[in-house]
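Please read it alongside the sequence and the coordinates.

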Amino acid sequence: MSNWLMAGLLFTPLALATTSLLLNFRQGRALAWLGMVLQLLVSVGLWGLVKQEGGFYYSLAGWDAPLGIELRVDGLAVTFLLLTTLVASGCGIHAGIYLRPDKPWQRYFWPLYWFLWAGLNTVWIGGDLFNLYVGLELISLAAVGLVALGGQAEALRAALRYLLAALLGSMAYLLGVALIYGQFGTLSLAEVAHQVRLMGQAELMRPALVLMLVGLALKTALFPLHGWLPPAHGIAKSPVSALLSALVVKASFYIAARIWLETGEAVASQWMAQLIGALGAAAVIWGSWLAWCQPRLKQVVAYSSVAQIGYLFLLFPLTYGVDASVSLQAQQGITLQVISHALAKSAMFLAAGNLILAVGNNRVDALAGVSHFLPFSLFSFGLAGVSLMGLPPSGGFAAKWMLLQASMASGQWWWILVLVGGGLLSAAYVFRIYRASFLERDEKDHFYHPDRRLEVVAMLLAVASLGLGLAGSQVLSVMALPFEEVQ
């Protein structure tokens, strides 16, 4: 059973990507919808298997590590596989309607989309550092191609800037991986962590950890390494922006978090953890302020991503040198924040794309009067904003509440100021969009009305981000599924 599920998880997206290269846009769209169903069945099947039998290591093609590729399937991996299926399917459905089949280069959306999905699946279940790198590179190259699909000179410039940042981040990460292999003779993250914790080799690991974290921070667009993100997310087509913000930047953070949680306590120091948290706090404040200042709607949402990414890096100070119960609470809060942000930001970018279609302009001041005639997309935008602000009953509220408790329990009260202040700043730029949309205009409907299906997709994702707060315990129970080291 596990063999079929793992084959479907890893090789189906690659097969769909290569097949889509031979098809036109409409044919690729039909194939993609079939692929979405298959990925849903595989993800749910893996969840059922892990729930019944516990997590497991899987050796690809029967070759055990270190010669073979080792994959780790546990509750956290299954959670992210299900999240990817939900968000990527929503973005794919939206793209199939939003993108224009008459533009010949748009057909390349589907192979890039499936290569991206294959890379994400690889990262969620990767068990060794090099294959995590392979998955991350597949994601980065596919994402750069998707940004370039905008077809404009500005889109190409943003894609090249993104490519340069991705390559620099990869070089730093790969150098760290090389140092680890030279020092420990293995690339298995579990084995490296075992040697570091039990054999007292923390000093050998520290330079590699710093290099890898810097490279992954660049790929995640942590302040002040975020310069590539707003141009790329702002100029890309809305379904692409949604994928990039919801899933792509999460992959590099996921790897950084796994490395930190496995080795950070033994290798890192208090000042390193606090420094990373301080950079996250600066990202929340600076990104929110720039989001408030932007004249273009998608740039508002793009800089909002810079701010929201900052919250994720509070994981590092809240899990270092604290009680196990506090660390667990912080991990759960950050995981809920990742999921909530993925759902909310994908909904917000898709809703923003619908609004831009309606008014024919990307400027915020062009939204005047849109609330009278297109309330559905505007409401989706607002629901997503509720989660970003951290208001109940959203997933953002549940995540920030857990982080507040972890901050108080660990005595790190200064992160509470970041969480509360960031929520207020999020409210400021979300309500700025609403204020612009409610300004009076003539009573005639000059707006283009997008396909209702585009609005429904954005609404469903926004409702999911709002309802996550009510279903948070069920999500965390999936994460907590037991892990048994079996082959």
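The structure holds 3 cavities of 30 Å³ or more, where a cavity is a set of points, on a 1 Å grid over the protein atoms alone, at which a 1.4 Å probe fits but cannot get out. This is a predicted model, in which local features need pLDDT of at least 70 and side-chain atom pairs count only at pLDDT 80 or more, while totals for chains, interfaces and linings use all residues. Residues are numbered from 1 along each chain as its sequence is written, and side-chain values use heavy atoms, with hydrogens and water left out.

The largest cavity contains about 70 Å³ of space, a volume being the space filled by probe spheres set on grid points that are joined across faces, edges and corners. Its lining (residues with an atom within 4 Å of a point) includes Leu136, Tyr162, Lys219, Trp228 and Ser252. By class, the lining has 8 nonpolar, 2 polar and 1 charged residues, with Ala, Val, Leu, Ile, Met, Phe, Trp, Tyr, Cys and Pro counted as nonpolar, Asp, Glu, Lys and Arg as charged, and the others, Gly among them, as polar. Helices H5 (129-148), H6, H8 and H10 each supply at least two residues of this lining; helices are DSSP runs (H or I) of at least four residues, numbered from the N terminus.

A search of the whole structure finds 21 aromatic pairs, for which the ring centres of Phe, Tyr or Trp (its six-membered ring) must lie within 6.5 Å, with planes under 30 degrees apart counted as stacked, over 60 as edge-to-face and the rest as tilted. Two of these pairs are set out here.

| Pair | Centre distance | Plane angle | Class |
|---|---|---|---|
| Tyr162 and Trp228 | 4.5 Å | 10 degrees | stacked |
| Phe253 and Phe313 | 5.3 Å | 70 degrees | edge-to-face |

Because Tyr162 lies in helix H6 (residues 153-184) and Trp228 in the loop between helix H8 (202-220) and helix H9 (229-235), their pair ties together parts that are 66 residues apart in sequence. Tyr162 is buried (under 20% relative accessible area, with a 1.4 Å probe and protein chains only), at 4%, and Trp228 is buried at 4%.

The other pair links Phe253 in helix H10 (residues 238-267) with Phe313 in the loop between helix H12 (297-312) and helix H13 (315-318), 60 residues apart. Phe253 is buried, with a relative accessible area of 4%, and Phe313 is buried at 3%.

Note on methods
Buried < 20%, exposed > 50% of the residue type's maximum accessible area, 1.4 Å probe, protein only. 1 Å grid on protein atoms, 1.4 Å probe; cavity = no way out; pocket = protein on both sides within 12 Å on 5 of 7 lines; lining within 4 Å.
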